[in-house]
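Subject: the two-chain model, with notes

Hi,

Here is the structure I promised to pass on.

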Amino acid sequence: MIRFDAVSKRFPDGTLAVENFSLTIPSRTTTVLVGSSGSGKTTLLRMINRMVDPTSGSIRIDDDDISTLEPVKLRRSIGYVMQNSGLLPHRTVADNIATVPLLSGVKRAQARAEALTLMDTVGLDRSLADRYPSQLSGGQQQRVGVARGLAIDPNILLMDEPFGAVDPLVRSELQQELLRIQKDLAKTIVFVTHDIDEAFLLGDQVVLLRTGGQIAQVGTPAEILANPADDFVDTFIGADRGRRALRIEEVSGRQVVIDGTGRLAGILKDGAPT
Amino acid sequence: MNAFAEAFAWIGDPSHWSGPDGIPTRLAEHLAYTGLTVVIAILIAVTLGLYIGHTGRFRGASIGATSALRALPTLGLLTYLAIAFGFGIRLALIPTIIVLVVLAIPPLLAGAYSGIESVDPRTVDAARSMGMTEWQILWKVEIPLALPLIIGGVRSAVLQVVATATVAAYISLGGLGRYIIDALPVRDYTKVLVGALLVTLLALVLEGILISIQRLTVPAGVRAIRTSPPLRRVRATGQNASAASRAT
């Protein structure tokens, strides 16, 4: 469990990125922080592994106040996946995945064997093990990034818009892959995105943020969709328009579903209220 | 016979290849001054440059100081040091090495800090997020990626020092400058040209060696970017992957 308690962050240049933020992130589930740029979502994520220290307030991981933990040690116990994969360009795929195990003193041969197993986990062919990041596609690089994040078998996995820079087709492939991995491994995942569809797809708990890390609404995707807290949430999740604003029409005795653009979305099956 | 032919004939004369004023001795002295200078300057400037590049501190100050160093007239400084600090002729090596080090610091410093700064900040950020210590970031990420630029700094420093080490002869030391300084007063222009030619040749040879080293230090993964376009959308199948690796 990760607990934010009245956390604020003011950067040296004076911007207040996060103000009085409190949240509990349950273990072994996926929590998605979603908001536009300036909502402080990345700052909040980076506070968990002390890449950013809060100006005030406290963050606890399983009752340990992380400000008392040594940053390097804390970071090595938490997986981190970033937007542009952040792979080391001068190291091969296998060495990239094995970076943290090697730092922690795992033997080379063992680290490599584990790296190869992780490549299977994230759906990368083992023949890519000795390639360099620059020889991979964007989607493959992100898979390597995920494998690296999992390399120390961390309890917590932080993901900072990991699929933001790949094309939509690859993105949805990676999202499905993550759902599959999460079903097997059940990590505590904290995922940052600005894409509400991605948030609803991946999140067990979704946290909608306004500017300055103000929580607009917290809940499961279904709760938020069914009961948007205010106009901001309503607009953000697009409940009032497009393909989420569904209505039912009767056509020759059957109920069909029409979306907000007037397009036919489907047919209402049995069990539907009349 | 033109001047160059005379100079080459002088160099080709076997009697000029032995003794204390022979070409091998002068060449060895010249290389010794250069080597000593560059080693000392690297210890000072590369260390400082890595620090500045990694922390981003003192960057402005170092650029200012470096420009000031560049403006110092070598011969003037040499004479001043030799006289003002009483090194005189007996300890002539000390002021000579000092002025050459002063000359070598700016390119070394610039190479080191611009090398570190050229490393993608996102790569450094990722390394830190994974739990690398600052030392590990420097040694395992920044230096390997910056090495070609650091060596580039060494290259220009060596070039400048080799060319300027002729001043050692000005205050009684040896080196290839000896030919120039000795021959000027007696108007032996052939010998002056010999000195200049040998310095030029030496500089070219060292430059060639350092260019090769610089090429070798480009990390394989970075070289892959330059030699082949990234293989986009190669699906993770064994067949495609092996075809692609043949292509690289």
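Below is what I found, chain by chain.

One thing before you start: this is a predicted model, so please read everything here as computed from that prediction.

**Chain B, overall**

Let's begin with confidence. The mean pLDDT of chain B is 85, and 88% of its residues score at least 70. Helix α7 (residues 134-164) of chain B has the highest confidence, at 95, while helix α11 (residues 238-247) of chain B has the lowest, at a mean of 40. Residues 229-248 of chain B have a pLDDT below 50, yet this stretch still makes 36 contacts in the model beyond near neighbours in sequence.

As for the fold, chain B has 11 helices and 0 strands. Of its 248 residues, 47% are buried. If you take the contacts in chain B between residues at least 6 apart in sequence, 72% of them join residues at least 24 apart. The accessible surface of chain B is about 12,400 Å², and carbon and sulfur atoms account for 68% of that.

UniProt (unreviewed entry) lists "transmembrane region" for chain B at residues 31-52, 72-91, 97-116, 137-155, 161-181 and 193-213. I checked two of these spans against the model. Residues 97-116 of chain B are 100% helix and 0% strand, with 28 Å between the end C-alpha atoms. Residues 193-213 of chain B also come out as 100% helix and 0% strand, and there the end C-alpha atoms are 30 Å apart.

**One residue in chain B**

Ile52(B) is in helix α2 (residues 23-55) of chain B. Is Ile52(B) buried or exposed? Its relative accessibility is 2%, so Ile52(B) counts as buried. Leaving aside residues up to four places away in sequence, Ile52(B) touches Arg57(B), Phe58(B), Arg59(B), Ser62(B), Leu109(B) and Tyr113(B). If you want a distance to check in your viewer, the C-alpha atoms of Ile52(B) and Thr37(B) are 22 Å apart, with the two residues 15 apart along the chain.

**Chain A, domains**

UniProt (unreviewed entry) puts "domain: ABC transporter" at residues 2-237 of chain A. In the model, that span of chain A is 38% helix and 24% strand, and its end C-alpha atoms lie 26 Å apart.

**Chain A, strands**

There is an open sheet of 4 strands in chain A, in the order β2-β1-β4-β5 with antiparallel pairing. Its edge strands are β2 (16-25) and β5 (64-65) of chain A, each of which pairs on one side only. Inside that order, β1 (residues 2-10) and β4 (residues 56-61) of chain A run antiparallel and are joined by 5 bridges. Ile2(A) has Ile61(A) in β4(A) as its bridge partner.

Further along, β11 (residues 247-251) and β12 (residues 254-258) of chain A are also antiparallel, with 5 bridges between them. Ile248(A) sits opposite Val257(A) in β12(A). β11(A) and β12(A) make a hairpin with 2 residues between them, and Ser252(A) in the turn has a positive phi of about 40°.

**Positive phi elsewhere in chain A**

Which other spots are worth a look if you check backbone angles? Asp63(A), in the loop between β4 and β5 of chain A, has a phi near 75°, positive in a residue other than glycine. Asp63(A) counts as exposed because its relative accessibility is 56%, and the cut-off for exposed is over 50%.

Ala186(A) is another non-glycine with a positive phi, about 50°. Ala186(A) lies in the loop between α7 (168-185) and β8 (188-193) of chain A. With a relative accessible area of 23%, Ala186(A) is partly exposed.

**Where the chains touch**

Finally, look at Arg46(A), which is in helix α1 (residues 41-48) of chain A. What does Arg46(A) touch, not counting residues up to four places away in sequence? The list is Met51(A), Val52(A), Tyr80(A) and Asp125(B), so a residue from each chain is named there. Arg46(A) is buried because its relative accessible area is 16%, and buried means under 20%.

Cheers

Technical notes: Residues numbered from 1 in each chain as written. Chains lettered and ligands numbered in written order. Predicted model: local features only at pLDDT ≥ 70, side-chain atom pairs only at ≥ 80, totals over all residues. Heavy atoms only, no water. pLDDT = per-residue confidence, 0-100. Contact = heavy atoms within 4.5 Å. Buried < 20%, exposed > 50% of the residue type's maximum accessible area, 1.4 Å probe, protein only. Areas by Shrake-Rupley, 256 points an atom, 1.4 Å probe, with all protein chains shown as cover. UniProt positions renumbered as here; feature names shortened; annotations may be inferred. Pairing = 2+ DSSP bridges.
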